[in-house]
Amino acid sequence: MKANNFLALSAITASLLLAGCGGDINLTPTSIDNSTDNSVTNPGGGSTENNCASYVDDGVTVRGQVDGDNCVYPPNFSTPNNPIMTNLRIVDLANDGAHIFPNGLYIGNGLENNAANIPSSGPVLTIDAGATLAFQDADGFVQIARGSRIIAEGTATAPITFTSDEDLTGNVDKDTDRGLWGGVILLGRGISNKCDQNDLANCNLEAEGGAGLYGGADNSDNSGVLSHVVVKYAGFEVAVGNELNGITFYTIGDATQVDNIQVHNNVDDGVEFFGGAVNAKYVVLTGNGDDSLDWADGWSGAIQYIYVRHNESLANRGIEGDNNSGNFTAEPFTSPQIANMTIVGSNFSTTDRDSEGVLLRRGTQAELYNFVVTGPELMGECLELDDQATVDHIATDNLVIESSVIACAENFADQTTEDWFTAGTNNLALTDTATVLDGGLYTASPMLDASGAQVSPTAKADLSTVNPFFDDVDFVGAVSADDDWTQGWAFDLNNNQ
Amino acid sequence: MKRTPIITKHKLGLAIALALSGQMALAQEQEATETIEEVVTTGTRLQGSAAAVVEERKEQAFVADILGAEQISRTGDSDAAAALRRVTGLTLVDGKFIYIRGLGERYSSTQLNGAQVPSPDPTRNVIPLDMFPASIIESLEVQKSYSADKPAHFGGGNVDIRTKSLPEEEAFEIQIGTGWNSESSSDALAYGDSNDWLGSDDQRALAQPFLQALATYGSVNFTDIARYEEISTDQARLINRDLMNTMNTDYDVYTESVSPDIKGSVSYGNQFVLADDWTFGFLGAVDYDRATRNSDQERRVLGFSGENLVNQYRSESQISTHSVELSGMFNTGLEFGNNHKLETSSIFLRDTQDRIQRGITETIDTIGEENLSFFDTDIRYEERELLSHQLRGSHLFPELHNIAIDWQYTDATSRRDAPGNVFTRQGADADIGEQPQNLNYQRSRNAAVLEFQDLEDQVENYGADIELPFYLDGNELLLQAGGEVMRKARESYGRRFGFSTESTPLSELTNTEFSELFGPDSVNDPDNNLQVYGAPTLTDPNYLAAQQIEAGYGLFDYTTSKWRLNAGARWEQYSQVSAQIDLATSTIIGAIENTTRREDDWFGGAGLTYFVDDTTQLRLTYGKSTVRPDLREITEVVFIDPLTSDKVRGNPNLISTDVQSFDARWEWYGPAGDNWSLGAFYKDLTNPIESVEAKATDSDRVITFLNGDTGHVYGLEFEFLKDLTMVTDGLFVNGNLTLSDSEITIQNTGGVELTNNERRMTGHSKYVINTQLGYDTLDGEHSAALVYNVFGERIAFAGSVFGGRGIDDAFEQPFHSLDAIYTWYPDFNSKLRLKVQNLLGEDTEIMQNGQVIQKQTVGTSVSLEYSYSF
């Protein structure tokens, strides 16, 4: 593939015309793209049909170009300042062709700061099962603005992939490469405890890295569907000190459907929830450089079946949960419910950062059920409570851990944490030499403690009464060998390499 | 259509041309009033100086103060900013910016010889006044009420810096000096090139091959290299490492003892009679200052846990700043008779600051952990330069009813170049207040962050004034009209790179130096897997902007024996445009139409002076002016404020502030220079611009700008000079006191939730006191002064609501500044000056919710200067 998106030096002349005789100011940019190779060849004379996505703007059709099996989109296809304001469909290309975007893909106006101007039913990005979207610029990201939706419905046999275009060449290292492009950002109209609770409808919060505005009053907002979606090698720092998360859920409402998603080798967090109430089922987070699951600012959703695996090159926490960084007791409290989570740590360990398990702090509430947290010898503490405002929730039953197994060299950060865990129903503390997983993925059945004796964790009964979103299960951990929901679509797991 | 491109600079593929059509019928304003003659009332030094200032004021139609070169040199001030502290109601902030009447620097504007010049500091829209050494200053004129001959962008006041004009006779002066600060007893931090004598970078800038790579690949990321070259990523990583090896890595910080300050200046001027009536003269001056300052800083960021305050961030660090100030000036003048004069003035100023900050930081991730913190090193180097060329003339035509014409043309360029600024964060096995033993660089995409920023403003300013005097029965009427054109174009570029250690063995990251880890040996070792990353991002400060102001005015000044009335009106048209640039693709981001604005309006001022008797006069003035947002403030890019390290985001929806001012003033001028005055002022601001904190996600602190609804400032100014001969000969006291209050109303927006929607204006002090106790010996051989200055607490930044709980506004605490100056004049040609600053050893402090959130030591400075002149 010939690189054809870079403009040569001197490609632009911006003329600032300040016409003195009553005219308007005209700043006229003229692009002279003299490096573009317009002589696109279709090797083998393949398909003549242009399947690339297109939209009509002011009567002009903007469309990607066919390049071999791929579709290559022009640099001005969408930018944060000139987002796509109409529906867009991206199809699955034949012969594993990819849709290649020079920068990112921006749907709806992410910079709109006047709530009244946000459409209740904005543009919809539809991505067909099996499609691959690849991004060239490191700072390019996918942004779904408030009022807009993404409908990405892959299947177990035909997942949808978001990745760096470098990944298409097979030239990336699946263990060490990260941050080759930005990531996926969903901006919603749900509730954040950073907003003025008396004026939620007008709330505008700045996303990390200047990636748009979010916030609102509607925790049942609908941002679309993410199903069987894999996000790989993302997390580039898009602004000073701001790496992006693999998928960031900014105040996303619970009418949004999220299931079977994976974030692999992101620089920053795998998935992060800032406020909102979106739920998710079947989540895989592998090799992420910072925290795998992160939440803050009033998120009140639920997740069931979530598998986290750290790798040896870079990692931090399995969960980092906060309430609100500026006010630990801000309301509504962050109060997620997580069931059936497995966290497998690694030996990554430096003075200031290492692979750890679960950290709950800054006043977050949480209900944790059916956890399995384990890792090798050098993994840091597997369970930690920070800040009195967090610990205060134990007495009010707003901080709960039940039916969970911790098997680490350093299970608890301190006595308070240990007391909390021990007092919880059906919790089991083992050591790092216990056998709690089978092949690093499936919950071992039976589990063996360090001495080789069988131990039997008791799964939380009637989870569906805790939250109708939950299924009732009879196992702890994320994946049972009997029903491997990761089969087929998830990347780089032990079951299907 | 005639086109005059004033900028044709090509850089990184970008060019901006500012083309104009039509011609300006009107010309400008210029040398405000007449040239300022020195008025020295008595033979005493300090007292005479102070008295001369008030004598000048008596002659002004508006509330204005003028400091002449003589006064400045008598009081021993080293630069314009320090000298301006002597003026009523002025506050000096950071030793650089003037707050007039307790209002922030937004409300003061600066002119150089009557021309508008750009600010070399992109975070401010005014000129840092410490860049003008006293030796090149002829006079400083501070006007505190608006008159139509000044630019309409006028808030609390305007400072006109007039550089030295032609000498009356051959004049030579050489000055040398040295200085020391009490904080210098500890060693200073230093690195590689931090001791450059000229304050000119020859090490940090990106090398040509690196720039070439950026231009070719759009970034230096290995993925982009691989894509462009159609090579494997392994090969691309090798190219990336070669590029990394072209970058400066000489950033190992060490300590060294502090050398004393070095100061020196030389000036020489002369004049020659060329022929009958023709006189030619020139004046050249060079000034050099070099100093190192140490300071200890403590910082905290507060948050809430319920009712309780918690620390979210703490740091204790040492800051060493190596500064070099270099300036040069060359003026020429050609005079024909007494009525015609042509002058040129070229000024070069350079102010280089190399600041190294290092110390322990506790973030939310480490603050609760024992024996764990971060060891941060932050190196910021910036060169600020201003180069201004001016041609001006003044003409008097006695044969044509004494019409006087003044005109000027000024071309100025200012630049802030900040190459190779580096930040590293290392893990440390100690807590705050302890000495870390083992430091490890982070395994991270950004184990070291290198920043390169370059900003350039070009300003063209020209204009003319015409004056026509009439004499009617002993009364005097002066008609004045003029016009002005000001064009300013800005280019701003920023690039950031990260040294990635994502796959570097941990052993290599521990207990190592910067140059060892990131130097060629380490980079070339394939096992270390080092890479440099850096793609331009949408929020980098890459933008073009331009501004044009066209103005015309007319005014009259009518004087009788009993009163004087001065009134005028000014029309200004203001046009502005800005465009964000994507450096990777050399394209303009967004719709430029949305950033253009053009507005025109009428402004004006009127002043009435009533001469009660020979010793007393009463003044009333009114002014209508505006305060416009700076180019940067309306450009939607993120910028890091070098003073506060906060992210600052422009707001394209900002509108100009309308200002209406009312002044009343009672002035009494007595014998022996004794005088006092009492003034009252009231300012009404519509849509005042304030900086506020935007609601951002978690780790970010983002400052943005908002228009408030209304603002008011009002207060009293009292000023006095009292001869104390009755105590002892040559003793006197002078000073001034401003008591004022302000109020601003600012609404919350969806993204800004303020703790106090009604409060004082940011930066406003309720009181400002300046006093001087001066002593001159009768033989004129010695003079001494004690100078005391204090300002009341002022809002450093406004508090915001976090999760329903509002944190208080943060207040900078009063700083009691006491200085002593002694000068000995052994003979007619030489003098020796000893100056001690901050005798009380005060520190700067910012408090919030009853807690000190920032504290920085200042130390006591001593300096000694000797000068010889003939």
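Predicted model: local features only at pLDDT ≥ 70, side-chain atom pairs only at ≥ 80, totals over all residues.
**Entry 1: helix 4 of chain B**

I looked up helix 4 of chain B, which covers residues 208-217. Which of its residues are buried? I found Phe210(B), Ala213(B), Leu214(B) and Tyr217(B). Viewed down the helix axis, these buried residues fall within an arc of 100 degrees, so they line one face of helix 4. I noted the general rule beside this: an α-helix has 3.6 residues a turn, so residues three or four places apart point the same way.

Next I asked what the buried residues of helix 4 of chain B pack against. The partners are helix 5 (222-229) and helix 6 (233-244) of chain B. I also checked what comes just after helix 4 and found Gly218(B), with a positive phi of about 85 degrees.

**Entry 2: helices 5 and 6 of chain B**

Two packed helices are described by the angle between their axes and the distance between the axes. I looked up both values for helix 5 and helix 6 of chain B. Their axes come within 8 Å and cross at roughly 115 degrees. I wrote down the crossing of these two helices as right-handed.

Which residues meet there? From helix 5 of chain B I listed Phe222(B), Ile225(B), Ala226(B) and Glu229(B). On the helix 6 side they meet Thr233(B), Ala236(B), Arg237(B), Ile239(B) and Asn240(B). Sorted by class, the contact has 5 nonpolar, 2 polar and 2 charged residues.

**Entry 3: strand 2 of chain B**

I turned to strand 2 of chain B, residues 64-68, and asked how many of its residues are buried. The count is 5 of 5, and I noted the strand as mostly covered. Both faces are covered. Ala64(B), Ile66(B) and Gly68(B) are on one side, and Asp65(B) and Leu67(B) are on the other.

I then looked up a pairing of strand 2. It pairs with strand 7 (residues 137-143) of chain B in the antiparallel sense, over 5 bridges. In this pairing I found Ala64(B) opposite Gln143(B) of strand 7.

**Entry 4: Tyr250(A)**

My last entry is on chain A. Tyr250(A) sits in strand 21, residues 247-252. Is Tyr250(A) buried or exposed? I counted it as buried, because 30 other C-beta atoms lie within 10 Å and the cut-off for buried is 20 or more.

I also checked its contacts, leaving out residues up to four places away in sequence. Tyr250(A) touches Ile185(A), Leu186(A), Leu187(A), Gly188(A), Ala207(A), Tyr214(A) and Phe274(A). For Tyr250(A) and Arg189(A), 61 residues apart along the chain, I noted a C-alpha separation of 8.3 Å.

How values were computed:
Residues numbered from 1 in each chain as written. Chains lettered and ligands numbered in written order. Buried ≥ 20, exposed ≤ 12 C-beta atoms within 10 Å, placed from the backbone. Helix = DSSP H or I, 4+ residues; strand = E, 2+ residues; numbered from the N terminus. Arc of directions from axis to C-beta. Contact = placed C-beta atoms within 7 Å. Axes fitted to C-alpha atoms, helices over the stretch in contact; angles between N-to-C directions. Left-handed = near helix turned anticlockwise from the far one by under 90°. Nonpolar A, V, L, I, M, F, W, Y, C, P; charged D, E, K, R; others polar. Pairing = 2+ DSSP bridges.
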